[in-house]
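Dear colleague,

I am passing on the structure we spoke about, and I would be glad if you looked it over before reading my notes. What I found follows below it.

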Amino acid sequence: MVQRLRHSHLTVLYYVFKPVHVLLFFVSAVLALYFFKYEHPYLLADNRHYTFYIWRKILNRTSYIMYYLLPVCFYTFLNIVALLSTVHSKFFTLLYFLCVASQIVPQGLLEFRYFILPYLLYRLHVPQHSWWCYSWNSANTH
């Protein structure tokens, strides 16, 4: 299972995301950040929550920091797609992202409670592996 997971993970990353897809992702993400970035007034004024400090100290430090974080977002997106597609169909993966987008996009505030349900659904639908799983399978295959 582990060898198949590693192989299929690399297969998804190589065959599904060609350079045209990567370029399309970055161009659309840059345009979306440039035209649709929204700063909620409560996020800028309420210093009782940690999201205020994350926004003020990290995300709003310069006007380009959001663009610098795009490769991290893309890498995270690739890993989520690769792990979901090894276990489920393409339709399920597309449906998962549509449901996550329908929950997160309309929110005006940056609150981590909005990300709890998508993360829990992700963890429920991805096989759980730990370090001992890899070492156990590599020791038994030789």
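For what comes first, a patch is understood as a set of residues that each have over 30% relative accessible area and no salt bridge, with nonpolar side chains joined within 5 Å. Please bear in mind throughout that this is a predicted model.

In that sense, Leu-23, Val-27, Leu-31, Tyr-34, Phe-35 and Phe-36 form a nonpolar patch on the surface, and their accessible area together is about 720 Å². One of these residues, Tyr-34, belongs to helix α2, which covers residues 19–36; Tyr-34 is classed as exposed because its relative accessibility is 59%, and the cut-off for that class is over 50%.

As to the overall architecture, the protein has nine helices and zero strands. Where contacts link residues at least 6 apart in sequence, 65% of them join residues at least 24 apart.

Turning to the interior, in soluble globular proteins nonpolar side chains tend to be buried together. Here the largest nonpolar core has six residues, namely Ala-29, Leu-33, Trp-55, Leu-59, Met-66 and Leu-70, and the elements that contribute two or more residues to this core are α2 and α4 (50–59). There is also a second, separate core of five residues, among them Leu-84, Tyr-96, Tyr-122 and Val-126.

With best regards

How values were computed:
Residues are numbered from 1 along each chain as its sequence is written. This is a predicted model: local features need pLDDT of at least 70, side-chain atom pairs count only at pLDDT 80 or more; totals for chains, interfaces and linings use all residues. Side-chain values use heavy atoms; hydrogens and water are left out. Patches are made of residues with over 30% relative accessible area and no salt bridge: like charges are joined within 9 Å, nonpolar side chains (Val, Leu, Ile, Met, Phe, Trp, Tyr) within 5 Å. Accessible areas come from the Shrake-Rupley method with a 1.4 Å probe; for residues, only the protein chains shown count as cover. A salt bridge is a side-chain nitrogen of Lys or Arg within 4 Å of a carboxyl oxygen of Asp or Glu. Helices (H or I, at least four residues) and strands (E, at least two) are DSSP runs, numbered from the N terminus. Buried means under 20% relative accessible area, exposed over 50%, partly exposed in between (1.4 Å probe, protein chains only). Contact means heavy atoms within 4.5 Å. A nonpolar core is a set of buried Ala, Val, Leu, Ile, Met, Phe, Trp, Tyr and Cys residues joined through side-chain atoms within 4.5 Å.
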